[in-house]
Amino acid sequence: MAAAIIRGAGLERYYAERTEFAPRPEPAHTGDWDAVPVTSDARGICEARLVVDGLRCASCVWVTERVLARTPGVVRASVSYATGRATLRWNPSQVDLPTLARRIAALGYRPRPLALATAPDRGLMVRAGLALFASLAVMGLYEGLYAGWWYDAMQPAYAALFRWTSLALATPVTLWCAEPFFAGAWSGLRNRVLHMDLPIALGVLILYVHGIVATLLRQDAYLDSLTMLVALLLVGRVLESRGRRRTTEAAAALVGHVPRTARRVDDGAAGRITVVPMSEIRPGDLVDVAAGEELPVDGVVREGTGQVRMALLTGEAAPVPVAPGDRVIAGTLLADGALTVAAEAVGVGTVVHRMASQLQLAQERAMTPTSADRIAPWFTAGTLLVAAATLAGWWIVGGAELAVPRTVAVLVVACPCALALAQPLAAAAGLAAAARRGLLLRSGDVLLELALVNEVGLDKTGTVTAGAAVVTAADDRTLRIAAGLERYSAHPIARAITAEAGRRGIPLPRAADVHETPGVGVEGMVDGRRWRLGGGASGELLLSGDDPATLPPDPTIRLGDVTRPDARHAMEQVRRLGLRSTLLTGDHPDTARQVAAETGVDEVLARADPAAKVSWVRARQQAGRRVVFAGDGLNDGPALAAADIGIAMSSGAAASVLVADGIVSPPSLVPIAAGIRAARAARAAVNRSLRRSIVYNVLAVSAAVAGFVNPLVAAVLMPLSSGVVIWSAARVERAVRRDEAT
């Protein structure tokens, strides 16, 4: 069937270009393809992203893209070999997503929804584990060889045993563990691109071939450097792979807030309530929601009142009262009350699904090339040219006996170990420095990107403020009566009142005949009198009673959210680093401006929903700014993903923590500024290491070309470039402390 599809599309060239046989077709994903997030533009063209398993080479990508592109109704199809992701755009009047998925499956590949693409790359982890084990063993053996050579104390039989054992351990590291680097180098050459995998692959191959020859000649090789280089680079790829999975996990967590079933009001059966799967709910249906349940649809309240926790959308912790005519969204929690909601959007049309789609789209953004990526092509080309010239020149002068050792010396001395390790080592030091100060970043790439930011966006509730309602002002007698009424309530405002009473040491009286009305307030008997506590002006509660003469002098309780104690100090540090700050919140403009004035934030954007926060981030990026955004709520997830660097508070929602590039572990904003300092110190160390390693390579290669470097001298010189990198990375912590002191 696959062959017939390929021939029918006129793509027979696939068989000439492929480098491996495709796997036999497996059953396609049989789940609900309608649940896959799909976006559409003004013309009605749909777009979705899938994972495609089983891609073996670039030819697999080529044939998949072209078979899909030649399918009637498909506007565009692109497949990434690096991530295994397919982006499809199609006309829904001609073709649908399940049909396209079956088309991919018929070619021998397995399409899956992105929500199922969270499993780790176990093959890469096994490669890294084996390389680490082998490198530690080989390094131990070579310590014995170097000691025996230095003191002339090792017997030849034991030296040979150590060399052959090292070669045996280095063989699977070279042939299997380093296979991703060889594949990347070969793919780059086929596409006429010299990237970082090529010098790494050349260095590994040359070191291994030299190791075989040296072992046969009973000489010491460089197998310890080979195995450790492969191990460190594979570990870096494992960490990078873990970071890429977080966005998919976060999107799945967001969608998980929508219930799988709903209680539909069946008008045709005299108002009978029927529990049905969400796939059967249609716009216009009426659904009942009870206290403690999450809303299954976006819609309008038809009947009932209640209080809805809208943190999913606004990030504000306080529940919002809703009544007939108010709009609600799927995934939010009905804290109390009972509602009948008329559905307006269900499934992929809900706000929470659109937020999940934005998180998934953010994972496809390209990373900024590193300095090593830019230098690698020139470094590789220069090394190959110098080696070729050395071989030709010395062959003419003295034949193979002089040419081969000097050429090998050039290639070995110019091994890109220092170039490849400059960034990982400095980044590791920077990550440690940031972690000591409370900012945990998921990778070295994120750390180095953080060094380039020049704009800070901050969510308010839970980030700049503590994120919980507190009593800011209240008379002791008023607070005592209110705490008696609220002592058994689980409402966040009730907890704030009782907590403040406990802090002041006020004994809580017992209340009788207590009745709580959702969205209105609470009333009951305290000290033999009936009292009522309900909403007053903005941010206030008003206590009233049957006998006005017994009222306290000030019967109001003022509520608010206090800023973090160190917020102003953190903003001063941010300003000293040359960054502008903006407060983005779904709260009232007056409240937002007050918080900004207290903390020293430069600008304010109030009444900001998730889409507005994303728009702000993208507008700054289009203006040439690099943005770091810090937040804690589910509503902050899209902005965290859209920003150049997203930082979540550790106490925040799980989805925001998963999608973020970094996490602030203590309840403080100071670690953000400290992390930027560490990032700048690490980037400076990377650039310094690259410059020094280039100088080293120029001098060492020149000496090798001139014939001053033989294998023995190369064994001594080769670690020097790595030593320079290690020394530079070790100074990152010192640089951060120096900056803090100034």
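1. Glu-603 has a relative accessible area of 27% and is therefore partly exposed, a class that lies between buried (under 20% relative accessible area) and exposed (over 50%), as judged with a 1.4 Å probe on protein chains only. This is a predicted model, in which local features need pLDDT of at least 70 and side-chain atom pairs count only at pLDDT 80 or more, while totals for chains, interfaces and linings use all residues. Residues are numbered from 1 along each chain as its sequence is written, and side-chain values use heavy atoms, with hydrogens and water left out.

2. Glu-603 is joined to Arg-580 by a salt bridge whose closest N and O atoms are 2.8 Å apart, the term meaning a side-chain nitrogen of Lys or Arg within 4 Å of a carboxyl oxygen of Asp or Glu. This pair links distant parts of the chain, with Arg-580 in strand E22 (residues 580–584) and Glu-603 in strand E23 (residues 603–605), 23 residues apart; helices (H or I, at least four residues) and strands (E, at least two) are DSSP runs, numbered from the N terminus. Arg-580, at 36% relative accessibility, is partly exposed.

3. Both residues also belong to a network of salt bridges that links Glu-455, Arg-580, Glu-603, Arg-620 and Arg-625.

4. A further salt bridge connects Arg-626 with Glu-449, with 2.7 Å between the closest N and O atoms. Arg-626 lies in the loop between helix H20 (610–622) and strand E24 (627–631) and Glu-449 in helix H14 (residues 444–450), so the pair ties together parts 177 residues apart in sequence. Glu-449 is buried at 10% relative accessibility, whereas Arg-626 is partly exposed at 26%.

5. Across the whole structure, the search finds 23 salt bridges.
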